[in-house]
Amino acid sequence: MFYDETKVYLKAGDGGDGCMSFLRQKYMPKGGPNGGNGGRGGDIYLQADENTADLRTFHFKKHWKARNGEPGRGSDQNGKGGDPCLLKLPLGTEVRIEGEEKILCELLTHGEEIVLLKGGKGGRGNATFKSSVNQTPRQTTEGKAGSEGNFVFTLKTIADVGLVGFPNAGKSTLLNVLSNATPKIASYPFTTLVPTVGVIDFPDEFESITMADVPGLIEGAAENRGLGHRFLRHVERCHLLVFLIDLSSADGREPWNDFIHLRKELEDYDPRVADKPFVLVGNKIDEENAPENLALCKKKFPDMEVLSISAILEEGLSELRHKLFEKIKEMK
Ligand SMILES: Nc1nc2c(ncn2[C@@H]2O[C@H](COP(=O)(O)OP(=O)(O)OP(=O)(O)O)[C@@H](O)[C@H]2O)c(=O)[nH]1
Ligand SMILES: [Mg+2]
């Protein structure tokens with residue numbers, strides 16, 4: 001299972017109460033007030049962590065609390081502040097208040113930290129109320145409650161390029177031959193159940209770009225068919241999309257229709273995603289009827305460039321690499 005959305009209840013620590021106390025010693029029966037202040041409650045911090053792959057931690061443990069501040073004590077001792085609670089989230093996590101659309105914050109770069117909820121202030125001990133007119137204050141204040149709330153964490157993969165295609169189009173095979181990633185490959189649909197990000201190196205340019213393999217879409221994915229639209233969120237952050245279509249028509253579909261349907265799914269999900277720049281790539285050019293299908297595709301979309309590759313035989317890859325690099329460079 002891949003956990004890319006989860007609800008959590010978070011609570012920062014309460015402030016400790018202020019203390020009421022007076023100095024009482026054998027030969028000093030009426031010593032002054034010496035009640036200390038309460039400690040501050042711990043904050044709830046979020047930290048972006050590249051070693052955290054998904055949100056499973058928060059799926060299994062949904063309640064997180066920072067420690068309360070300790071109450072003040074006599075002899076002017078202030079209470080200790082409560083320990084904060086640090087939540088490590090995968091890069092690309094968005095945080096929302098439950099039931100609200102607006103994104104509160106997002107964690108994008110490793111190590112980035114955000115204080116989401118502040119701990120409550122500690123209360124005042126009676127020593128702080130001492131004044132020229134009140135030498136024996138019996139007044140203290142309570143610690144303030146820490147903030148709390150229900151939140152939704154949503155993970156959206158960060159990659160330059162997102163691979164979009166029907167199941168079995170060869171997306172994982174392509175990521176495998178282009179990058180350092182080794183996603184599972186098999187001849188049945190929905191092999192990929194988890195988005196995988198690979199790094200494509202361009203050693204001559206001393207550069208690299210990242211590419212995400214997203215579980216295959218089928219028609220109606222935006223209405224939750226197949227694995228549903230939940231994986232479409234993983235291309236939301238990509239700058240460039242690669243529509244990968246199967247030129248062999250092995251599954252009985254026409255490759256040009258695949259492209260039209262893929263775009264429609266994105267449109268139904270979010271027009272902004274459908275409007276992203278893209279490259280259309282036909283895979284499996286090594287198959288028997290592929291060249292004919294490629295020609296038909298080019299005819300259907302005369303204004304569009306259709307690249308053809310064989311991911312398995314590693315044909316046409318340098319042209320594709322070049323294209324991706326150029327496009328991403330343009331955008332950056
Ligand atoms: N003939 C041929 N077969 C290929 C090529 N690329 C991939 N395949 C085969 O197509 C099948 C599906 O490949 P995958 O890479 O798993 O496809 P996918 O798009 O990741 O599929 P899902 O993860 O299920 O969405 C496998 O049997 C691959 O060996 C190619 O260029 N030529
Ligand atoms: Mg796959």
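This is a predicted model: local features need pLDDT of at least 70, side-chain atom pairs count only at pLDDT 80 or more; totals for chains, interfaces and linings use all residues.
Reader: Which residue stands opposite Q47 in β4, and which is the bridge partner of Q47 in β7?

Author: Strand β2 is joined to β4 (residues 85-89) by five bridges, and these two strands run parallel. With β7 (residues 113-117), β2 pairs in the antiparallel sense over four bridges. At Q47, the residue opposite in β4 is K88, and the bridge partner in β7 is E113.

Reader: Why is one side of β4 and of β7 left without a neighbour in the sheet?

Author: The three strands form an open sheet in the order β4-β2-β7, and the pairing is mixed. From one strand to the next, the twist averages 30°. One side of β4 and one side of β7 lack a neighbour because each of these edge strands has a single partner strand.

Reader: In what order do the six strands of the other open sheet stand?

Author: Strands β10 (196-202) and β14 (306-308) are the edges, for each pairs on one side only. The twist of this sheet averages 30° from one strand to the next. The pairing is mixed, and the order is β10-β11-β9-β12-β13-β14.

Reader: How many bridges join β12 to β13?

Author: Strand β9 (residues 161-165) is joined to β12 by five bridges, and the two run parallel; within this pair, L163 stands opposite V242. Strand β13 (residues 278-283) also runs parallel to β12, and there the bridge partner of F243 is L280. The number of bridges between β12 and β13 is six.

Reader: Which residue of β11 is the bridge partner of L163?

Author: Strand β9 also pairs with β11 (residues 207-213), in the parallel sense. Three bridges join these two strands. The partner of L163 in β11 is D213.

Reader: How many residues of β12 are buried?

Author: Strand β12 covers residues 240-246 and is mostly covered. On one side lie L240, V242, L244 and D246, and on the other L241, F243 and I245; both faces are covered. The number of buried residues in β12 is seven of seven.

Reader: What angle does the direction of helix α3 make with that of β12?

Author: Helix α2 (residues 171-178) lies across β9, β10, β11, β12 and β13, running at about 160° to β11. Helix α3 (residues 255-269) packs on the sheet and touches β9, β12 and β13. The angle between α3 and β12 is about 145°.

Reader: Which element gives the most residues to the shell around ligand 1?

Author: The ligand is surrounded by 24 residues, the closest being G170, S172, S187, T192 and G216. By type, the shell divides into nine nonpolar, eleven polar and four charged residues. The element that gives the most, with three residues, is α2.

Reader: Is E142 buried, partly exposed or exposed?

Author: E142 is found in the loop between β7 and β8 (148-155), and it touches D17 and G123, not counting residues up to four places away in sequence. Its C-alpha atom is separated by 56 Å from that of L163, 21 residues apart along the chain. A residue counts as buried with 20 or more other C-beta atoms within 10 Å and as exposed with 12 or fewer. Because E142 has 16 such atoms, it is partly exposed.

Conventions. Residues are numbered from 1 along each chain as its sequence is written. Chains are lettered from A and ligands numbered from 1 in the order in which they are written. Two strands pair if DSSP finds at least two bridges between them. Axes are lines fitted to C-alpha atoms, for helices over the stretch in contact, and angles run from 0 to 180 degrees between N-to-C directions. Two residues are in contact if their C-beta atoms, placed from the backbone, lie within 7 Å. A residue is near a molecule or strand if its C-beta atom, placed from the backbone, lies within 6 Å of it. Ala, Val, Leu, Ile, Met, Phe, Trp, Tyr, Cys and Pro count as nonpolar, Asp, Glu, Lys and Arg as charged, and the others, Gly among them, as polar.
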